[in-house]
Protein chains: 2
Amino acid sequence: MSTRRPSPLDLDRFLPYRLDILAEGVSRALSRIYYERYGIGVPEWRVLAHLGQYAPITARDIGARSRMHKTKVSRAVGELERLGFVRRMESDTDRREALLSLTAKGRAAYDDLAPRAADFARQLLDDLTTAEQRALDSAIDRLLAKLAR
Amino acid sequence: MSTRRPSPLDLDRFLPYRLDILAEGVSRALSRIYYERYGIGVPEWRVLAHLGQYAPITARDIGARSRMHKTKVSRAVGELERLGFVRRMESDTDRREALLSLTAKGRAAYDDLAPRAADFARQLLDDLTTAEQRALDSAIDRLLAKLAR
DNA sequence: GGCTTATGGTTACATTTGCAACTGATATAG
DNA sequence: CTATATCAGTTGCAAATGTAACCATAAGCC
């Protein structure tokens with residue numbers, strides 16, 4: 001008679017799987033905010049958010065910070081330029097790289113979106129107690145640190 | 001004189017962004033395990049894992065459980081069939097759908113991979129205290145539940 | 001200096017993905 | 001019944017993505 005071995009892997013509790021579904025769902029929900037208003041996708045939003053906070057910054061550094069492939073950054077920057085959101089100045093210390101920053105229009109979009117995005121994250125977390133939020137945050141920090149090794 | 005407004009959005013603490021980077025990093029690290037051994041990618045691995053645990057199951061149900069688009073499931077199943085990992089039986093209650101299950105070869109791959117995947121997740125989490133692990137798990141549950149609404 | 005190697009960024013090409021349309025089958029309304 | 005709507009799954013096509021090659025510049029080395 002065949003006995004069913006206990007499954008060595010319970011998918012519904014498997015962290016990588018759960019994280020992926022969660023990240024995808026959160027990203028999709030958030031994207032509604034910026035896609036509806038400005039017609040931009042995830043990579044463009046990411047670049048915009050980086051520029052809002054860190055400009056002037058090079059494409060390289062955006063990629064390094066956000067773990068985006070350099071071609072993805074390059075194309076997102078291109079699209080944002082096309083939209084008139086981003087301006088590039090050539091660096092005077094290294095003529096390969098360009099210092100990116102926001103135009104007035106890009107700044108306006110950022111100033112519109114950033115608080116909405118922050119609200120979104122707040123609402124998402126508002127079921128959790130402060131302690132749970134801290135626990136989640138610190139767990140993410142530790143996992144990220146572990147991956148970096 | 002211009003004063004810098006406090007940023008309304010601190011990216012390094014922004015949950016959607018952090019989740020995305022974490023999920024991507026975890027997935028990439030895990031994928032080494034199954035890619036190196038069987039040359040399969042994320043969608044194929046996901047389908048394999050579902051079949052290992054829930055077979056016989058339809059492609060539709062795999063998609064519903066794992067939030068994969070039906071075309072992605074369809075192609076992953078096709079690839080797993082090509083590899084000789086998956087067999088399809090037609091359902092006798094509904095001839096549109098196919099009941100998928102693993103061949104001996106597919107089962108062997110699953111039995112090889114599943115414990116490795118489980119180990120991977122355990123190692124990933126072994127820095128965290130049990131309390132932290134539970135907090136993380138419950139936070140993910142709540143966020144997923146919130147998204148589902 | 002000149003030569004090799006590495007780097008920021010873009011582009012070409014192949015692969016992957018998602019959407020829309022389709023096929024064959026089932027459910028449902030009248 | 002039968003006509004219409006719905007559904008499981010596949011396929012065509014377009015958009016998005018990653019890899020590799022490339023260009024221009026910079027850095028390291030002799």
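Helices (H or I, at least four residues) and strands (E, at least two) are taken as DSSP runs and numbered from the N terminus. The structure is a predicted model, in which local features need pLDDT of at least 70, side-chain atom pairs count only at pLDDT 80 or more, and totals for chains, interfaces and linings use all residues. Residues are numbered from 1 along each chain as its sequence is written, while chains are lettered from A and ligands numbered from 1 in the order in which they are written.

The contact between the chains takes 42 residues from chain A and 42 residues from chain B, two residues being in contact if their C-beta atoms, placed from the backbone, lie within 7 Å. On the side of chain A that touches chain B, two or more residues each are given by helix H1 (15-38), H2, helix H5 (104-125) and helix H6 (130-148) of chain A. H1(A) supplies the largest share of this side, 14 residues. By class, the side comprises 29 nonpolar, 5 polar and 8 charged residues, where Ala, Val, Leu, Ile, Met, Phe, Trp, Tyr, Cys and Pro count as nonpolar, Asp, Glu, Lys and Arg as charged, and the others, Gly among them, as polar.

DNA strand D has 19 residues around it, of which Arg95(A), Ala59(B), Arg60(B), Ser74(B) and Glu97(B) come nearest; a residue is near a molecule or strand if its C-beta atom, placed from the backbone, lies within 6 Å of it. Two or more residues each come from helix H2 (42-54) and helix H4 (70-82) of chain A and from helix H3 (59-66) and helix H4 (70-82) of chain B. The largest share, 4 residues, is that of H4(B). This surface holds 5 nonpolar, 6 polar and 8 charged residues.

Around DNA strand C there are 19 residues, the closest being Ala59(A), Arg60(A), Ser74(A), Glu97(A) and Arg95(B). H4(A) gives the largest share, 4 residues. The surface near DNA strand C divides into 5 nonpolar, 6 polar and 8 charged residues.
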